[in-house]
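Q: Could you take a close look at one part of this model for me? I'd like to hear about the salt bridges.

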Amino acid sequence: MKSQLARFFLPALCVLPFAPLTVHAAGSTGSPFYGDAPDEHHPWAIHDQNRPEPKIVTPGTPSTPEKPGLPPSDAHVLFDGTEATLAGWEADKSPAEPTKWIVKDGAMQCVPGAGYIRTKEQFGDCQLHVEWAAPAEVHGDSQGRGNSGVFLMGQVEVQVLDVYNNPTYADGGAGSVYGVNPAAANAVRPPGQWQSYDIIFRRPVWKDGKELDPGRVTVLVNGVVTQDATPLEGGTGHRGRTKPGSLGEKGSLKLQDHGNPVRYRNIWYRDLPKRAVDGGTDGALSAEATMAKRKETAARLREDAAKQKGVNAFYRLAEALTYEADAATVATVTAESAKVADEIAATPADKIDNRKGDAMRLKEALGYLIKFKALPESLPAKATVEKLIKDREWDKKK
């Protein structure tokens, strides 16, 4: 018995001439029957035109020593040099009170003794940009010189320190994950000059008391990589090793008061897509998550097919089989592919060579679906179209 979908569009197939598919961008993005098909852990085919395209983000502009740059269009601005954005921060230990840090010459400056400052806004995985400057007038040495820190989710510290001609312990220098991993290079500029941190942060992911992903952090200091996907275990600390543990899903960004009037400017972040282990779609997914995505795509394609006519509807429905070879769609595509093949083969002899492209396209689609087990090898349309191609020698290069 034919499905309601088949009854809707298949009569039109019998009266409309075979024409190129126009309902989606096959002409500009390639054939849907091309790259390796979805499998049990990948919901998309290789080069899949149904895979969601990246969102459009307008890039920002770089900073200069005199002026901070502009963030990307989708960034969350945490501090832009104004009192208005400083209002988005609070004292860490007494959040009911306004912070004692100040805005001076477009920069947020630590007031020694004021304590840590943190954002009211909370976030997790992110691309973070922070610019800082140690005092131009040098006082102290080692950890006593231009010391502060950037605390991701309030718990993982990327050290801020004036290490320009200032040796200190390796896992406490600028660009280090404090107490965990030294910076791969000392790339700081002289004191008083602006330094930039670009940080890619992935929090540890835990579920039911088990670690699914330890998390990692990548840091660039003035464009130089100092941390390359450094694994995390949990929050960092002073004098103690980190211990594996969850940081939660979101947290504040904290900046440290270590008794030095370090300045900050141009602080913003971008949310990062979820990882597969956290419900995202990067890499290989679980079998359950993969099948859910495949079913979702197949359902959308079947709905789209019902809105099309003739061969457009046929190919859209056939495409749905790439993601879910349900019995009703297999039966409909099997029957209608035979009609398409017969219609091409029945073209008058004086016009048959004009149908070469149609025949080759049908062969490609059926061959793809058979290869990836969505249709049976014994498909009648396959034999019909292959015989036509062989008889006309369309498969031979001329």
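Let's start with R216: what is its relative accessibility, and does that make it buried, partly exposed or exposed?

A: Keep in mind that this is a predicted model. R216 comes out at 30% relative accessibility, so it counts as partly exposed. Its side chain meets that of D213 in a salt bridge, at 3.3 Å from N to O. D213 is buried, with a relative accessible area of 12%.

Zooming out a bit, the structure holds 25 salt bridges. The protein chain carries 50 positive and 51 negative side chains, and the centres of the two sets sit 4 Å apart.

Two other pairs are worth a look. K254 and D92 meet through their side chains in a salt bridge of 3.2 Å, N to O. This pair ties together distant parts of the chain, 162 residues apart: K254 is in strand β14 (residues 251-255), while D92 is in the loop between β2 (89-91) and β3 (102-104). K254 counts as buried at 17% relative accessibility, and D92 is buried too, with a relative accessible area of 15%.

Then there's K382 with E386, a salt bridge of 3.3 Å, N to O. Both lie in helix α8 (residues 380-392), four residues apart, which is about one turn of the helix. K382 is buried, with a relative accessible area of 18%, whereas E386 is partly exposed at 31%.

Definitions and conventions
Residues are numbered from 1 along each chain as its sequence is written. This is a predicted model: local features need pLDDT of at least 70, side-chain atom pairs count only at pLDDT 80 or more; totals for chains, interfaces and linings use all residues. Side-chain values use heavy atoms; hydrogens and water are left out. Lys and Arg count as positive and Asp and Glu as negative; His and the chain ends are not counted. The place of a charge is taken as NZ of Lys, CZ of Arg, CG of Asp or CD of Glu. A salt bridge is a side-chain nitrogen of Lys or Arg within 4 Å of a carboxyl oxygen of Asp or Glu. Helices (H or I, at least four residues) and strands (E, at least two) are DSSP runs, numbered from the N terminus. Buried means under 20% relative accessible area, exposed over 50%, partly exposed in between (1.4 Å probe, protein chains only).
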